[in-house]
Amino acid sequence: MCSRTRSEGTTIITIRLRRLALAALFLVPGIGIASWVTRTPDIRDLLGASTLEMGLVLFGLSLGSMLGILVSGLLVARFGARPVIAAGASTIVISMPTIGVGAGLGEPFLVAAGLFLFGAGMGGGEVALNVEGADVERLTGRSFLPQMHGFFSLGTVIGALIGMFATASAFPVQLHLILVGVVALLAVIFSVPRIPAGTGRVERTASGAVRRSNTHLWRDPTLLLIGVIILAMALAEGTANDWLPLVMVDGHGFDAASGSAIYAVFAAAMTTGRFIGAWFIDRFGRAVVLCASGVFATIGLAIIIFVDGQAAATAAVILWGLGASLGFPVAISAAGDSEVDSAARVSLVATLGYVAFLVGPPALGFAGDEFGLRAALIIPLVLVALAAVAAVAYGRRMRGAVEVERVA
């Protein structure tokens, strides 16, 4: 009896440390992305770049993220999630000083290279992190992914607040991002050893079966609906992460420091939504929460696009942040809610999400250069409205599946 009690106690402690490590590893990219996003007006000025040229610089992020997300699922299946997480987090650490030094030297190619590293680390590592988080949910029987993503949002709040004060005080961009890299390194050193080995790994002899399983997943209507939702909501979040300060500065007349402050408001709304979201999920279900998320984000984006006035824009950012907060993690939870091919399902929808999250926003730079950044937001506006409709369809399929089980 005593031995069993000690074993259960050890397991509880191990899972708690694992949750803490995953939270810290989500905090790192949150701080990182907010740190350079809030300095984008300064980075643009140091580079002397136009909106179109900034879009091209951000394309380095797109290339890196595409590489990361395309190989992540295969690497997790081959080696397990932990080494993929370690490689991704380490790459994010290196990216921060690279972006800062590039900006300080006025070298757009070096900034793009740093963003490439950031995208590769985030796109690859976070797919593996979501596989880990879904596994924790299965082991504990409790919601964890919204809170885990909440730490990413908390990181964006911390990074945005620091970035806001750094911008207002004209703190050098290069020194700012070097210090962020040091803090990220400490978090990685603490966290990676606490991630268990083997999560998501498939034996090499089963590689053919994995390919057939993934092909089958693309024909799963429910999973495809989840994919539509996560693609749209990730684009809504990623658009804010890349463009919100500049939308506020160029589109609504805020100064650079105020634009960074508005991004901090968005990040705070995201964080709030993710940490309180579990209560709404347990009470109303995933489909209702996903639909409400799409509606909130649609209203927020519409106000920013079509209504002039800084007060209205600030209020709309709160709606945008609350709407975007739960779309990604709730969709991941829905994808992983299966006893069969759970890791493959999570990897598939997470990949779709990170494609939109990291590739879509730079593409908006081209539309923004032609029509203005506010008008370019019509693209995510249409997609989040579509996500709300897809969430209704997803809810109907889930209710239908429950009825079939009852009859059976």
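**Ground rules.** I number residues from 1 along each chain as its sequence is written, and my side-chain values use heavy atoms, with hydrogens and water left out. Since the model is predicted, local features need pLDDT of at least 70 and side-chain atom pairs count only at pLDDT 80 or more, while totals for chains, interfaces and linings use all residues.

**Entry: H3 and H5.** I began with helix H3 (residues 51–79) and helix H5 (residues 108–140); helices are DSSP runs of H or I, at least four residues, numbered from the N terminus. Their axes come within 6 Å and cross at roughly 25 degrees. My axes are lines fitted to C-alpha atoms over the stretch in contact, and angles run from 0 to 180 degrees between N-to-C directions. H3 and H5 are therefore roughly parallel to each other (angles under 35 degrees count as roughly parallel). I noted the crossing of H3 and H5 as right-handed (the near helix is turned clockwise from the far one by less than a right angle).

Next I listed the contact residues, where contact means heavy atoms within 4.5 Å. From H3 they include Gly 60, Gly 64 and Gly 68, and from H5 they include Gly 119, Gly 123 and Gly 124. The residues of this H3–H5 contact divide into 16 nonpolar, eight polar and no charged. Here Ala, Val, Leu, Ile, Met, Phe, Trp, Tyr, Cys and Pro count as nonpolar, Asp, Glu, Lys and Arg as charged, and the others, Gly among them, as polar.

**Entry: two partners of H4.** I then looked up helix H2 (residues 40–47), which packs with H4 at an angle of about 45 degrees, their axes 7 Å apart.

For H3 with H4 I found an angle of about 135 degrees, with the axes 7 Å apart. That makes H3 oblique to H4. Ser 72, Leu 75, Val 76 and Phe 79 in H3 meet Ala 81, Pro 83 and Val 84 in H4.

**Entry: cavities.** A cavity is a set of points on a 1 Å grid over the protein atoms alone where a 1.4 Å probe fits but cannot get out, and lining residues have an atom within 4 Å of a point. Points are joined across faces, edges and corners, and a volume is the space filled by probe spheres set on them. I get three cavities of 30 Å³ or more.

The largest cavity has a volume of about 60 Å³. Its lining includes Leu 25, Ile 92 and Glu 126, and divides into six nonpolar, three polar and one charged.

The second largest cavity holds about 50 Å³ of space. Among its lining residues I noted Glu 126, Glu 237 and Arg 274; the lining has six nonpolar, one polar and three charged residues. H5, helix H6 (145–168) and helix H14 (342–371) each supply at least two residues of that lining.

Definitions and conventions. Angles under 35 degrees count as roughly parallel, over 145 as roughly antiparallel, 65 to 115 as roughly perpendicular and the rest as oblique. On a 1 Å grid over the protein atoms alone, a cavity is a set of points where a 1.4 Å probe fits but cannot get out, and a pocket is an open set with protein on both sides within 12 Å along at least five of seven lines; lining residues have an atom within 4 Å of a point.
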